[in-house]
Amino acid sequence: MTIGVLALQGDFSLHLKVLSKLKVSGILVKKTTDFDLINGLIIPGGESTVMSLLIDKFNLYKKIKDFAIENCVYGTCAGAILVSSECDDKKINTLDLIKIKSLRNFYGRQINSFSKKISINFLKNKINASFIRAPKLKSLSKKNKVLALYKNDPVLLQHKNILVSSFHPELSSSTIIHQYFIKMVKNNV
C-alpha cells in the first residue's frame, strides 16, 4: 500500500514524515502518472487559491476526481477546501468530492493561528489540533459523518472514502488521524 501526497504547494513534506513514522510507503504526487502508483491521496494544507490554479495548470483536476471514485482521499485545511462541493471564494475550482461548504480563513489569518485540544468521536483522549488560516466546514449532507467538533462546528468529517479536516494533523504529536486515514485506505484496497 502506498499513499500519495499532492506536492504542488503546501506542507506536503510533513505528511510524508508522518507516513514514514507509521512505516507506510508514501510518495509525492506531482503528475497524472503518479496516480498509478498510489492507493490513497492526501491533499495537504497550503494556499487554496494557488493549489487550485496548479491543479488546473498540471491537468490534475479530472485525474483527482476520477481517482476519488474508487480510492480514498484526505484533504487537510486547504485540501479540505479543494475537495469541498462549495467554497465562499469563487476563484477556487473545487473538486466536489464531499458535500460540504468551506469558508476560507474562518478562524482568522496566519497571525490568528492557534492550537486547541479537541475530542474525536472514536478516541478516549483529546488530541491537539492546529488551526492555521483554517476553514469552517459546513456539512451539506446528512450522509456526512461528523468525527470532531470545535465550538459546535465540524472540523473533521467523512463521507465514505473522503475525509476532511479544518486542522493540520501533521503538526500534532498524535498520528491518530493519519492512522484513521490509512485504515480507510487498507479497507478500500
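Does Cys-77 count as buried or exposed, and at what relative accessibility? In this predicted model, Cys-77 counts as buried, at 4% relative accessibility, where buried means under 20% relative accessible area, exposed means over 50%, and partly exposed lies in between (1.4 Å probe, protein chains only). Residues are numbered from 1 along each chain as its sequence is written, and side-chain values use heavy atoms, with hydrogens and water left out. Because the model is predicted, local features need pLDDT of at least 70 and side-chain atom pairs count only at pLDDT 80 or more, whereas totals for chains, interfaces and linings use all residues.An open sheet is formed by 7 strands in the order S2-S1-S3-S4-S12-S11-S10, with mixed pairing; strands (E, at least two residues) and helices (H or I, at least four) are DSSP runs numbered from the N terminus, and two strands pair if DSSP finds at least two bridges between them. Strand S2 (25–29) and strand S10 (145–150) stand at the edges with a single partner strand each, so one side of each is left without a neighbour in the sheet. From one strand to the next, the twist averages 20°. Strand S4 (residues 72–76) pairs with strand S12 (residues 162–165) in the parallel sense over 4 bridges, and Thr-76 has Ser-165 as its bridge partner in S12.

Helix H1 (residues 12–21) packs on the sheet and touches S1, S2, S3 and S4, contact meaning heavy atoms within 4.5 Å. The direction of H1 makes about 165° with that of S1, the axes being lines fitted to C-alpha atoms, for helices over the stretch in contact, with angles from 0 to 180 degrees between N-to-C directions.

A search of the whole structure finds 0 disulfides, a disulfide being a pair of cysteine sulfur atoms within 2.5 Å. For Cys-77, the nearest cysteine sulfur is that of Cys-87, 11 Å away. Cys-72 is buried, with a relative accessible area of 2%.
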